[in-house]
Amino acid sequence: MHGHTRSTHWRHCLLGAVALMTAPLAAVSFAGIAHAQNTDLVARIDTSTNTMAVQLTAGEPLKSPTLSILFAPGVTAGEASEVCLDEWQVDAVTVVGHESDGGHQENSLEAMRFTCQIKDVAETASTRMIIPIIMSKGASQRALSATVGVKSGAVALETVAVPITDADVARTVCDPTGLATAGSDDKETTPYLANGTVSGLVADRSQDSTPVVQLVGIDSCNHWISRAVSVSPDGAFVFTGLLPGEYALGLRDAAISTPVALKSESMNVIDLTI
């Protein structure tokens, strides 16, 4: 894992994520990910036990499902033989750090994606999986989260796991509007708005009629961002509501290697092809 140093600049800017404060127990499902009716996926992180609980409810039989977890940098999965039928398949996603207004350059960050096959789930059945997680010291310096997905045939579920305690969520709040954060008299000289847009086209859809595009990265609040959308029938995709930051883009089940930089003076990246 690469080292990480927090800049003073990033401690006082914001994610429009006060919603995390008001609903720390909720797992947010991404729009645009296809799933069967009454099929649900919820994941929560417990930092007191260093575990993640994943609850999967099937609205239809799920055959040979795969579980995928993309952690924030500094977090990895532990041994999970009670959950996985095979060994974890692990691949890395590297995001190049961006330079703050103060001229400080963050080191590159590496996030790890863990994938394995899990047991079949019968229709209307529910299964609960407990996965141990390992956190480095650097992981405590940014909002802790993980993107959790389950795929079985045409059914694809995805959700975000956040900590279940208020204390873990509270430290994720920052302020992009230039106002002082709680406990500080410092104010940003430049407001940051979450109005960034990244859009483009998936050129080759021969392997998957409804591919899912994944976007990950570090925003100007020093938050780990991980989002996913299914493409439209003509292969188009769009991500909105992004803060300035350094991101990477790619198909969910392939390499996430297309770099995308959003800056305050250039918040729209369009016509990408992946």
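How many bridges join S8 to S9, and in which sense do the two strands run? Seven bridges join S8 to S9, and the strands run antiparallel.

## Basis of the description

This is a predicted model, in which local features need pLDDT of at least 70 and side-chain atom pairs count only at pLDDT 80 or more, while totals for chains, interfaces and linings use all residues. Residues are numbered from 1 along each chain as its sequence is written, and side-chain values use heavy atoms, with hydrogens and water left out.

Strands here are DSSP runs of E with at least two residues, numbered from the N terminus, and two strands are said to pair if DSSP finds at least two bridges between them. In general, strands of a sheet pair through backbone hydrogen bonds, either parallel or antiparallel. Within the antiparallel pair of S8 and S9, valine 150 has leucine 157 in S9 as its bridge partner. The hairpin of these strands has two residues between them, and glycine 153 takes a positive phi near 60° there.

S9 also pairs with S1, in the parallel sense and over two bridges, and arginine 44 stands opposite valine 162 in S9. Nine of the nine residues of S9 are buried (under 20% relative accessible area, with exposed meaning over 50% and partly exposed in between, for a 1.4 Å probe and protein chains only), so S9 is largely enclosed by the rest of the structure.

## The nonpolar cores

A nonpolar core is a set of buried Ala, Val, Leu, Ile, Met, Phe, Trp, Tyr and Cys residues joined through side-chain atoms within 4.5 Å. The largest such core has 33 residues, of which Met52, Leu56, Leu67, Ile69, Phe71, Trp88 and Val148 touch the most other members. Among the elements that give two or more residues to this core are strand S1 (40–46), strand S2 (51–57), strand S3 (66–71), strand S8 (146–152) and strand S9 (155–163). Apart from this core lies another, of 19 residues, among them Leu215, Cys221, Leu242 and Leu262.

Leucine 67 shows which parts of the chain come together: leaving aside its neighbours within four places in sequence, leucine 67 is in contact (heavy atoms within 4.5 Å) with residues including Val83, Trp88, Phe114, Cys116, Met129, Ile131 and Val148.

## The disulfide

With a disulfide taken as a pair of cysteine sulfur atoms within 2.5 Å, the count comes to one. This disulfide joins cysteine 84 to cysteine 116, with an S to S distance of 2.1 Å. Cysteine 84 lies in the loop between S4 and strand S5 (89–95) and cysteine 116 in strand S6, so the pair ties together parts that are 32 residues apart in sequence. The torsion about the S-S bond is about -70°, so the disulfide is left-handed, and both cysteine 84 and cysteine 116 are buried.

## The four-stranded sheet

An open sheet of four strands has the order S12-S11-S14-S15, with antiparallel pairing. Strand S12 (224–230) and strand S15 (256–262) stand at the edges, each with a single partner strand, so one side of each is left without a neighbour in the sheet. The twist averages 20° from one strand to the next, with axes as lines fitted to C-alpha atoms and angles running from 0 to 180 degrees between N-to-C directions. Strand S14 (residues 245–251) pairs with S15 in the antiparallel sense over six bridges, and glycine 245 has leucine 262 in S15 as its bridge partner.

Threonine 197 lies in strand S10 (residues 196–201) and counts as buried at 18% relative accessibility. Its side chain makes a polar contact with the side chain of asparagine 268 at 3.4 Å; a polar contact is a pair of N or O atoms within 3.5 Å, where within protein one must be able to donate a hydrogen and the other to accept it, and residues adjacent in sequence count only if both atoms are side-chain atoms.

Leucine 272 lies in strand S16 (residues 268–273) and counts as buried at 17% relative accessibility. Not counting residues up to four places away in sequence, leucine 272 touches Val198, Ser199, Gly200, Leu201, Leu249 and Val260.
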